[in-house]
Structure formats: C-alpha cells, structure tokens
Amino acid sequence: MICVPIRKKRINSILKILSLAEKEADLTEIFFDEINNLNTEKLNIIFSQKRKPIIYKSYANKEKIDQVLEFKPEYIDLDIKTSLSIIK
C-alpha cells in the first residue's frame, strides 16, 4: 500500500498534490491542522475532489478534529500525546 503525505498550508497546493498523488498512491494523508484558515468550504472542496481514502493527520486540536470528522475521513492518525478525552 502506498500513502502520500500532503503537508501544505494552502488549498490550491493541496488540491494539486492530491490530484497527482491519487494517480500512484492508494491513499493520502492530509495534515488538515496545518491548513491556513481551515473552514467548511475548504473541507467541502477537498472531500468532493478526493477519489481515494484520506488519512487525517491530527495534532490533537479538538476544534479541528470535530470540524474534519464531519466529513468522515476514512482514517485518523492521532499524535501519541493526544489526551484520552479528545480520543473519546
């Protein structure tokens, strides 16, 4: 299985790499917590254009976790330091 990590701050860069990555990779890992001014509109764009599963890489930012989880990413990669209260 091949996973391509996407660690960009701007939506246009993410979409460009996502399109290229999905040609070769089985899934992508997107660092949503690093996206500038993450909002519902940007999430809609990303999730509507993806064709393969996404891993949501999280640094335990509760607000962003809740925001991204509404879009049902296939997988979540939580930092080892994530508190149990956030995981629940």
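Colleague: Why is aspartate 66 called partly exposed?

Modeller: In this predicted model, aspartate 66 has a relative accessible area of 37%.

Colleague: What makes aspartate 66 and lysine 62 a salt bridge?

Modeller: Their side chains meet at 3.0 Å, N to O. The limit is 4 Å, so the pair qualifies. Because they lie 4 residues apart in helix H3, about one helical turn separates them.

Colleague: How do you know that glutamate 34 and arginine 7 form a salt bridge?

Modeller: Their closest N and O atoms are 2.9 Å apart, which is within 4 Å. This pair links distant parts of the chain, 27 residues apart: glutamate 34 is in the loop between strand S2 and H2, and arginine 7 is in the loop between strand S1 and H1.

Colleague: Is glutamate 34 buried or exposed?

Modeller: Glutamate 34 has 16% relative accessibility. Buried means under 20%, so glutamate 34 counts as buried.

Colleague: What of the salt bridge between glutamate 74 and lysine 50: which term describes the accessibility of each residue?

Modeller: The two side chains meet at 2.7 Å, N to O. Lysine 50, at 17%, counts as buried, whereas glutamate 74, at 37%, is partly exposed.

Colleague: Why is isoleucine 76 called partly exposed?

Modeller: Isoleucine 76, found in strand S4, has a relative accessible area of 42%. That value lies between 20% and 50%, so the term applies.

Terms used: Residues numbered from 1 in each chain as written. Predicted model: local features only at pLDDT ≥ 70, side-chain atom pairs only at ≥ 80, totals over all residues. Heavy atoms only, no water. Helix = DSSP H or I, 4+ residues; strand = E, 2+ residues; numbered from the N terminus. Buried < 20%, exposed > 50% of the residue type's maximum accessible area, 1.4 Å probe, protein only.
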